[in-house]
Amino acid sequence: MNAVAGVWRDPAKRDPLLAAALTVFGQVEAWSSAEVDGPRAAVAAVVAVMTLATAWRRRAPLAVALLTIALVLTSEATWNVPDAIAAPVLALLLACYSLGAHASLRTAATGLVLVLAPLLAFALWQDKGLDDFLFLGTIFAGIWASGRLVRSRRGLAAQLADRAVLLEHERDQQAILAAAAERNRIARELHDVVAHCVNVMVLQAGAERRVLGNGRPETVETLQAIEHTGRQALGELRRLLGIVRAEGEDPALEPQPTLAELHTLVEHARRAGLDAKLRVEGEPRPLPPGLELSGFRIVQEAVTNTLKHAAATSATVTVRYRPGALELEITDDGAGVPDHDKTGGGHGLIGMHERVAIFDGTLDAGPRAGGGFRVSVRLPVERDHA
């Protein structure tokens with residue numbers, strides 16, 4: 001069944017099959033109808049030409065329509081064929097539809113006139129009156145109009161498909177730019193964390209060197225090397241920050257936030273009208289500064305999304321200190337994060353993914369079974385900081 005459906009959906013295969021079926025039907029009529037007034041072989045040959053021509057109805061609709069109307073009227077005048085058998089009429093109807101569906105408007109309109117004009121002339125010549133012409137002409141024009149409607153719908157569908165591809169491409173590009181911007185932001189923040197750690201190391205080495213004085217010269221020399229290397233590292237970090245800092249952006253003067261400041265974040269959410277709660281499971285312990293910063297930013301982004309997009313009334317932030325990992329879970333009772341934020345419109349989840357990826361963590365975000373939205377993050381912690 002799938003193979004048959006595939007063949008039927010392919011116009012290059014469907015048109016010959018349709019023409020062949022119509023030809024077989026026409027031949028059966030031509031050889032069996034008692035009303036045919038003429039030699040069977042000649043009638044069968046003319047009918048075969050009309051029906052087989054429909055195989056080219058898509059590639060040459062005007063030529064097929066003109067050939068069909070010419071043979072229909074000729075065979076009617078000579079052997080009374082269209083009145084005796086239905087295949088020629090069906091071929092002409094198919095030709096009129098194809099003219100409307102597969103030709104430009106100018107060609108299609110010209111073809112319709114060239115079909116109806118001989119039909120009118122034939123009706124007047126045969127003294128059949130205008131009633132027969134109006135009846136047949138209305139049918140052929142209606143079939144032609146249905147073809148034009150199908151062509152218009154196909155054109156609209158193609159435009160919408162192209163538009164969808166363009167919008168998807170733009171969305172992907174925006175997501176790429178948002179990810180790059182988020183990486184720059186993370187780099188700037190981690191610079192402050194690393195610079196602070198190096199600066200502490202330099203200060204401690206200098207203080208220890210001064211305490212030792214002239215004693216233990218080898219240790220003093222090592223501490224001097226640590227100070228010198230640390231100051232060089234700070235200088236390189238400042239130059240690196242200049243590369244990733246946005247043009248005209250001033251360096252941050254405030255210290256980077258940690259998980260200990262989540263209480264303040266939750267309090268701000270309460271003041272904004274959200275019934276927010278903070279739960280801490282496990283014993284809090286020292287974590288790498290960069291991981292603490294990323295954990296805080298992830299919670300901050302999730303709570304911000306809840307306030308801006310979810311239309312929620314309550315939210316819960318859960319921090320779990322597990323052996324070898326930090327787990328974060330943010331849940332709310334709202335309508336969830338809209339699709340534009342998931343795909344790059346708000347860039348919230350993109351930023352979370354970038355921060356989680358730094359630490360080879362995992363992120364799961366989506367609607368909850370009982371309603372609302374849930375963000376779950378797991379960040380592995382090295383044993384040195386356990």
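Predicted model: local features only at pLDDT ≥ 70, side-chain atom pairs only at ≥ 80, totals over all residues.
Visitor: Why is V202 called buried?

Guide: Buried means under 20% relative accessible area. V202 has 5% relative accessibility, so V202 counts as buried.

Visitor: Where does V202 lie, and what does V202 touch?

Guide: V202 lies in helix 8, residues 129-212. Leaving out residues up to four places away in sequence, V202 touches E227, G230 and R231. V202 and Q224 are 22 residues apart in sequence, with 9.2 Å between their C-alpha atoms.

Visitor: Why does S33 count as buried?

Guide: The cut-off is under 20% relative accessible area. S33 has 13% relative accessibility, so S33 counts as buried. S33 lies in the loop between helix 2 (11-32) and helix 3. Beyond its neighbours within four places in sequence, S33 is in contact with R40, A84 and I85.

Visitor: What makes strand 3 and strand 5 a pair?

Guide: Two strands pair if DSSP finds at least two bridges between them. Strand 3 (residues 325-332) and strand 5 (residues 373-380) have eight bridges and pair in the antiparallel sense. In strand 5, L379 is the bridge partner of L326, and R374 stands opposite T331.

Visitor: What lies between the strands of the hairpins?

Guide: The hairpin of strand 2 and strand 3 has two residues between the strands, and G324 takes a positive phi near 80°. The hairpin of strand 4 and strand 5 has five residues between them, and G371 in the turn has a positive phi of about 105°.

Visitor: How do you know that strand 3 is largely enclosed by the rest of the structure?

Guide: Eight of the eight residues of strand 3 are buried, so strand 3 is largely enclosed by the rest of the structure. A325, E327, E329 and T331 point one way from the strand, L326, L328, I330 and D332 point the other way, and all are buried.

Visitor: What makes a set of residues a nonpolar core?

Guide: The members are buried nonpolar residues joined through side-chain atoms within 4.5 Å. The largest such core has 34 residues, of which V43, V47, M50, V81, I85, L92 and F140 touch the most other members. Helix 3 (40-52), helix 4 (61-79), helix 5 (81-84), helix 6 (87-102), helix 7 (105-125) and helix 8 each supply at least two residues of this core. A second, separate core has 32 residues, including I330, L349, V375 and L379. In soluble globular proteins, nonpolar side chains tend to be buried together.

Visitor: Which residues does V47 touch?

Guide: Leaving out residues up to four places away in sequence, V47 touches G26, Q27, V81, I85, A87 and P88.

Visitor: Why are L124, L130 and L134 called a nonpolar surface patch?

Guide: Patch residues need over 30% relative accessible area, and nonpolar side chains are joined within 5 Å. L124, L130 and L134 make such a patch, of about 290 Å². L124 lies in helix 7.

Technical notes:
Residues numbered from 1 in each chain as written. Heavy atoms only, no water. Helix = DSSP H or I, 4+ residues; strand = E, 2+ residues; numbered from the N terminus. Buried < 20%, exposed > 50% of the residue type's maximum accessible area, 1.4 Å probe, protein only. Contact = heavy atoms within 4.5 Å. Patch = residues over 30% accessible without salt bridge, like charges linked within 9 Å, V, L, I, M, F, W, Y side chains within 5 Å. Areas by Shrake-Rupley, 256 points an atom, 1.4 Å probe, with all protein chains shown as cover. Salt bridge = Lys/Arg side-chain N within 4 Å of Asp/Glu carboxyl O.
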